[in-house]
Amino acid sequence: MKAVVWVARMRRSPAEAQAAREAKLELMAEKLQAAVEGLTTGEDWKRAIEFAARFRAKSFRNTLLIFAQHAEAYERGKVSEPVPTYVAGFKQWQQLDRSVAGQSGYMIYAPVMGRFASKNPSDPMSWRRLTQREKPAAGEVVRSKMVNVKPAYVWDVSQTTGAEIPERPMPRLLEGEAPAGLWTGLAGQVTAERFTLADAAGASAIMGANGMTDYESRVVTVRADMDDAARVKTLAHELGHVRMHDPAESVTHHRGIREVEAESVAMMIGAAHGMDTSDYTIPYVASWASSVADKEPVDVVRETGERVRRVALDILDKLPDTGIGDGYPPGLDRSGPDAERETTTERTAELGAAAPMRSTASVDVAVPAL
């Protein structure tokens, strides 16, 4: 019977295959919409951001899809843990001598890449798309760019069986203690942005706040009378402001969203270093999302999550390696050319058409929003 089904699938026409893919993409869009709409409180948002910090190799939208589908599987008793631990593709689990235990994977968006060639790269109109096996003409420059998306599948370790997965060491912080080297790394990035870092004796010196970013004088100030963990979290918050915000955009970028973005960057950086951010709160998501004119709340939440992840990831990439990982199982060999392409296209897929590769930014290719 299985063989008959397999043959039937192999004989699907291109139109049928396209229709099936579009149906899956539509289902994924519905799941993503539901996941975003579920972020209705500050606690829900914090949990989503901290989860994204543990799965930094995936886009924010893909982390929401994984989280939502895993929660559904847990409710149905198909997985033993409420939160995913490690996720990977079918063949990647085989690399680790593990196999999928007969369960459906979690659908995520995967980029479809296209190759483009041009003899005059500076001319936006000169780029042409190459067919699958077409070779460029003599003197042409070739670049790759995402042109579409397709469904792909990943499985959590709880859905697999086989060889043991090595435990990744996690930092153990005492209450009030900051991860070693984190303050220095964040401070270096503040000064690299040409801001001066200063201490304030207490909250009264900076209008009752824990930290403050003064864009005019280009000074970032952090209270000196807090414990190390609070100071480093505040510094990460202010670095988020430095990297993401500017007074010139205050008219178009709601203050509430700016504060949520900066705090979310701090939470993601803290979570990536094993810091417990449960003592910190952010505004009720529905209130600030609904305050943005001409935008649906779900779009605001999605866009905010993408911005936060992108900035936090760039900050984390410039910090010393924490060894915590990015959501892939320890021991997985991702050093080959396929693994490198996977990481690059995952980040490209997250950016979508809004931020294409610089070398091909002028190529006019329609890319659906993920």
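Which residue forms a salt bridge with Asp225, and how far apart are the closest N and O atoms? I found Arg223, with those atoms 2.8 Å apart. My criterion for a salt bridge was a side-chain nitrogen of Lys or Arg within 4 Å of a carboxyl oxygen of Asp or Glu.

**Ground rules.** This is a predicted model, where local features need pLDDT of at least 70 and side-chain atom pairs count only at pLDDT 80 or more, while totals for chains, interfaces and linings use all residues. Residues are numbered from 1 along each chain as its sequence is written, and side-chain values use heavy atoms, with hydrogens and water left out.

**Confidence.** I checked pLDDT next (the predictor's confidence in each residue, from 0 to 100). The protein has a mean of 81, and 82% of its residues reach 70 or more. I took helices as DSSP runs of H or I with at least four residues, numbered from the N terminus. Residues 4-8 have pLDDT below 50, and beyond near neighbours in sequence this stretch has 0 contacts in the model. A contact here means heavy atoms within 4.5 Å. Residues 336-370 also stay under 50, yet the model gives them 58 contacts beyond four places in sequence.

**Salt bridges.** My search of the whole structure returned 17. I looked up burial for the partners: buried means under 20% relative accessible area, exposed over 50%, and partly exposed in between (1.4 Å probe, protein chains only). In the opening pair, Arg223 is buried at 16%, while Asp225 is partly exposed at 44%.

Arg307 pairs with Glu261, again with the closest N and O atoms 2.8 Å apart. Arg307 lies in helix α10 (residues 297-317) and Glu261 in helix α8 (residues 255-272), so this pair ties together parts 46 residues apart in sequence. Glu261 is buried at 1%, and Arg307 is partly exposed at 24%.

Arg302 and Asp299 meet at 2.8 Å, N to O. They are 3 residues apart in helix α10, so about one helical turn separates them. Arg302 counts as buried at 14%, and Asp299 as partly exposed at 27%. I also noted a network in which shared partners join Glu43, Asp44, Lys46, Arg47 and Glu50.

**Nonpolar cores.** I counted a core as a set of buried Ala, Val, Leu, Ile, Met, Phe, Trp, Tyr and Cys residues joined through side-chain atoms within 4.5 Å. The largest one has 60 residues, of which Trp45, Leu64, Leu186, Val265, Ile269 and Ile315 touch the most other members. Helix α8 supplies the largest share of this core, 9 residues. Leaving aside neighbours within four places in sequence, I found Leu186 in contact with Val232, Leu235, Ala236, Leu239, Ile269, Ile315 and Leu319. A second, separate core has 11 residues, including Tyr86, Trp93, Val157 and Leu332.

**Helix α4.** How far apart are the end C-alpha atoms of this helix (residues 60-75)? They are 23 Å apart, which agrees with the 22 Å its 16 residues should span; the expected span is 1.5 Å times one less than the number of residues. Its buried residues include Phe60, Leu64, Leu65, Ile66 and Ala73, along with Arg61 and His70. Just after α4, I saw Gly77 take a positive phi of about 75°.

Notes:
Helix = DSSP H or I, 4+ residues; strand = E, 2+ residues; numbered from the N terminus.
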